[in-house]
Amino acid sequence: MTPDATLETFVDRIVEEKGLTGLDPEVVGQMKKDLLDRVESRINAMLLANMPEDKLEEFERVLDAGNDEATRAFCADAIPDLDQRIADELLSFRATYLNP
């Protein structure tokens, strides 16, 4: 499963948990797209906040190259406990969304 598919599955689950699946399919689709954008933004902000300052310039070059696998590998190398930090961000997002 790709990271993007994993995030889509995550968004699908929280929409189900929120009990919004009975709405018009077009509305649910737009909600899922908006949530996916928001969760991606939060993960990106977390990446930037945890990227060592001496790696920011190189990170920008990796991002500009547009290679998702290289970007993931760079982040995993540069940010200790990256998987745990992403999981924490997802749990925080879920809690915020489900318990306003």
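Visitor: Okay, which residue does Arg42 form a salt bridge with?

Guide: Arg42 pairs with Glu89, and their closest N and O atoms are 3.0 Å apart. Keep in mind that this is a predicted model.

Visitor: Where do those two sit, and what does the pair tie together?

Guide: Arg42 is in helix H2 (residues 25-50) and Glu89 is in helix H5, so the bridge ties together parts that are 47 residues apart in sequence.

Visitor: Is Glu89 buried or exposed?

Guide: Glu89 counts as buried, because its relative accessibility is 19% and the cut-off for buried is under 20%.

Visitor: What else does Glu89 touch?

Guide: Leaving out residues up to four places away in sequence, Glu89 touches Ile43 and Met46 as well as Arg42.

Visitor: How many salt bridges turn up in the whole structure?

Guide: A search of the whole structure gives six. One of them joins the side chains of Glu17 and Arg94, at 2.4 Å from N to O.

Visitor: And which parts does that one link?

Guide: Glu17 belongs to helix H1 (residues 3-18) and Arg94 to helix H5 (residues 82-98), so this pair ties together parts that are 77 residues apart in sequence.

Visitor: How accessible are Glu17 and Arg94?

Guide: Glu17 is partly exposed, with a relative accessible area of 43%. Arg94 counts as partly exposed too, at 31%.

Visitor: Are Glu57 and Arg61 buried or exposed?

Guide: Both Glu57 and Arg61 are exposed.

Visitor: Staying with charge for a second, how many positive and negative charges are there, and how far apart are their mean positions?

Guide: There are 11 positive and 23 negative charges, and their mean positions lie 5 Å apart.

Visitor: Let's zoom out. What's the secondary structure?

Guide: Five helices and zero strands. From the N terminus the order is α-α-α-α-α.

Visitor: What does the C-alpha trace span?

Guide: About 50 × 25 × 20 Å along the principal axes.

Visitor: What share of the residues is buried?

Guide: Of the 100 residues, 27% count as buried. The accessible surface is about 6,800 Å², and carbon and sulfur atoms account for 50% of that.

Visitor: On to the greasy part. How many residues are in the largest nonpolar core?

Guide: That core has 25 residues, and the ones with the most contacts inside it are Phe10, Val11, Leu35, Val39, Leu47 and Met51. H1, H2, H3, helix H4 (68-78) and H5 each put in at least two residues.

Visitor: Which helix gives the most to this core?

Guide: H2, with seven residues.

Visitor: Pick Val39, then. What is Val39 in contact with?

Guide: Setting aside neighbours within four places in sequence, Val39 contacts Leu7, Phe10, Val11, Leu90 and Phe93.

Visitor: Last one: among contacts between residues at least 6 apart in sequence, what share joins residues at least 24 apart?

Guide: That share is 64%. The Arg42 and Glu89 pair we began with ties together parts that are 47 residues apart.

Methods
Residues numbered from 1 in each chain as written. Predicted model: local features only at pLDDT ≥ 70, side-chain atom pairs only at ≥ 80, totals over all residues. Heavy atoms only, no water. Helix = DSSP H or I, 4+ residues; strand = E, 2+ residues; numbered from the N terminus. Buried < 20%, exposed > 50% of the residue type's maximum accessible area, 1.4 Å probe, protein only. Contact = heavy atoms within 4.5 Å. Areas by Shrake-Rupley, 256 points an atom, 1.4 Å probe, with all protein chains shown as cover. Lys, Arg positive; Asp, Glu negative; His and termini not counted. Charge placed at Lys NZ, Arg CZ, Asp CG, Glu CD. Salt bridge = Lys/Arg side-chain N within 4 Å of Asp/Glu carboxyl O. Core = buried A, V, L, I, M, F, W, Y, C linked by side-chain atoms within 4.5 Å.
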